[in-house]
Amino acid sequence: MTAGPPEDQLTLARRAKLERLRAAGVDSFPPRYARTHDTAEVHQDFERLQQAQETVAVAGRVTRLRIFGKAAFAELHDGAGHLQTYLSVDHLGAEAYEQFRETVDLGDLLGARGPLFVTRTGEQSVEVHEWTMLAKALRPPPEKWHGLRDVEQRLRQRHLDLISNPKSRDLLTKRAAIVREIRRFLDARGFIEAETPVLQSLHGGAAARPFVTHFNTLDREVYLRISLELYLKRLLIGGLDKVYEIGRVFRNEGLSRKHSPEFTMLESYEAYADYQDVMGMVERMISGVAHGVLGTMQITVQGKAVDLTPPWPRQTLRQAILERSGIDYSQHPTLEDLEGAVRTAGVRVEPQKTRAQLIDQLLSTCVEPAIVQPLFLTDYPLELSPFAKLKPGSTDTVERFEAFAAGIELANAFTELNDPDEQHRRFLQQARQAQAGDEEAQVMDIDFLEAMQQGMPPAGGLGIGIDRLTMFLLDVPTIREVIAFPMLRAGED
RNA sequence: GGGCCGGUAGCUCAACGGUAGAGCAACGGACUUUUAAUCCGUUGGUUGUGGGUUCGAGCCCCACCCGGCCCA
């Protein structure tokens with residue numbers, strides 16, 4: 001969709017009004033305005049302010065405008081809410097009132113000053129004795145009743161969406177509250193927030209293809225990070241025993257309802273903790289965030305009631321797949337065996353290249369969609385987890401868990417591998433997978449290995465997708481809605 | 001990548017292959033307590049883009065662009 005010609009009929013009408021103000025010596029874009037209250041504060045303290053006959057000064061966007069002959073109502077919206085203002089010849093004088101009538105449009109930003117009163121119909125209002133143009137809107141707002149519906153335009157021109165759709169404002173506000181609650185939770189437990197490089201000469205820490213860019217000064221390719229893991233672990237080695245980062249990561253993959261090429265990750269690492277400790281932290285953190293942001297641990301996601309009250313049950317991945325598909329993958333040690341079992345069980349999954357990937361497929365088709373209440377799945381195949389520590393006595397299962405609820409993956413964590421020689425072998429294994437055509441395999445990171453050789457404390461690590469968590473807590477079905485400016489294809493210019 | 005659906009006025013939406021319309025917004029007028037104010041009048045269109053079929057295309061056909069839903 002085009003935005004329409006830049007100077008259409010509606011814009012020209014508004015420009016004419018701007019010109020009229022200029023001719024009258026009015027600056028339509030003054031540098032500041034001395035507010036005494038925001039709209040919410042006026043409503044909160046209304047009785048007292050009214051009785052004291054105090055003069056208030058509020059400011060906001062004109063979202064409703066009802067003009068009668070010699071009086072008018074203008075509703076002002078600011079970040080806190082909205083408030084009705086009443087303008088009349090009696091209180092403004094003929095000149096200021098006429099200027100209001102002739103130059104103010106829906107969408108303009110206005111300041112209004114005067115005492116408070118309640119209208120006949122009971123609406124708390126400002127009796128305006130002086131009004132000020134704070135910014136003339138040269139383009140018309142979207143339709144006042146239906147708002148802006150067109151999904152494409154809502155996302156391409158998010159400012160219009162935010163102006164006209166309270167729901168969108170609420171989502172972004174609550175997203176910020178979620179992030180704030182997470183920080184509060186981690187900070188209170190002594191975690192230190194870090195910032196690690198976005199531009200990296202090697203990409204690692206997750207199975208994903210990177211974005212590549214060019215650094216002119218050094219004339220070499222660099223990658224946008226696909227995870228936070230390998231640098232946070234360096235900090236852990238350096239002695240920051242509890243460390244986390246909330247940051248944007250980039251994965252060169254498809255767009256979908258649940259995938260955005262750039263998204264926000266939380267990763268945390270805690271020395272001398274293991275994945276059991278991290279499980280306890282995750283259930284307290286997510287339920288605590290829900291309580292802090294929504295005031296409750298009982299939420300509804302896609303029409304299903306979800307109770308986040310800890311503790312959350314634990315189940316091994318093997319047991320979960322067995323219960324929901326009848327297949328015990330531990331009884332089928334090779335890809336061929338497992339494929340046979342899948343066929344026998346009549347489960348419809350895409351063919352995979354490796355046994356571990358097939359197990360992963362069974363998880364996403366049979367188990368994930370069936371999970372409603374929060375659940376920790378534990379003990380994953382080694383092959384899917386090149387940075388996780390083996391379970392003591394096991395050769396193929398690592399100390400890893402993922403948390404699920406309402407069919408959504410909420411967290412991924414493990415007891416971190418801290419044996420540099422074992423880590424070296426994992427990298428070599430990944431290199432073999434890369435040679436076999438796996439574009440998402442880890443690349444060997446000598447610097448990281450060297451750091452680990454310095455001695456990395458045993459640690460529990462955690463990753464949470466903030467966008468997914470937001471979708472989950474706020475019951476939003478698409479990731480685009482919780483990202484202020486999601487990636488879209490190039491529009492026409 | 002595949003299937004289905006969609007793109008018409010600034011916004012929300014109509015229109016059997018036969019004169020492109022309504023509501024809101026805008027413009028002019030009436031109106032001093034409204035709540036999507038009301039009433040009267042007016043303006044506003046390269047129907048996503050490019051081809052084709054037809055006496056005639058918003059509608060049918062082809063290609064492309066952008067989006068939605070489902071699948072991969």
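Two strands are said to pair if DSSP finds at least two bridges between them. With that in hand, I would like to walk you through this structure, which is a predicted model.

Let me begin with strand 5, residues 116-118, which pairs with strand 6 in the antiparallel sense over three bridges. Within this pairing, Leu 116 stands opposite Val 126 of strand 6. The two strands form a hairpin, with five residues between them. In the turn, Gly 122 has a positive phi of about 90°.

Strand 6, residues 124-127, also pairs with strand 3, residues 81-88. Here the sense is parallel, and there are again three bridges. Opposite Val 126 in this pairing stands Thr 85.

Eight strands form an open sheet of mixed pairing, in the order 8-12-13-20-19-18-17-16. Its edge strands are strand 8, at residues 192-193, and strand 16, each of which pairs on one side only. Strand 16 runs parallel to strand 17, and three bridges join them. Arg 314 stands opposite Phe 376 in strand 17.

Helix 9, residues 229-237, lies across strands 12, 13 and 20. Relative to strand 13, helix 9 runs at about 25°.

Next, helix 11, which spans residues 317-325. Which of its residues are buried? They are Leu 317, Arg 318, Ala 320, Ile 321 and Ser 325. Viewed down the helix axis, these buried residues fall within an arc of 165°, so they line one face of helix 11. Just after helix 11, Gly 326 takes a positive phi of about 80°.

Finally, I come to RNA strand B. There are 46 residues around RNA strand B, and those that come nearest are Gly 69, Thr 119, Thr 121, Glu 143 and Arg 489. Several elements give two or more residues to this surface, including helix 1 (9-23), strand 1 (56-67), strand 2 (71-78) and helix 6 (151-156). By class, the surface near RNA strand B has 17 charged, 16 nonpolar and 13 polar residues.

Thank you for your attention.

Key: Residues numbered from 1 in each chain as written. Chains lettered and ligands numbered in written order. Predicted model: local features only at pLDDT ≥ 70, side-chain atom pairs only at ≥ 80, totals over all residues. Helix = DSSP H or I, 4+ residues; strand = E, 2+ residues; numbered from the N terminus. Buried ≥ 20, exposed ≤ 12 C-beta atoms within 10 Å, placed from the backbone. Arc of directions from axis to C-beta. Contact = placed C-beta atoms within 7 Å. Axes fitted to C-alpha atoms, helices over the stretch in contact; angles between N-to-C directions. Near = placed C-beta within 6 Å. Nonpolar A, V, L, I, M, F, W, Y, C, P; charged D, E, K, R; others polar.
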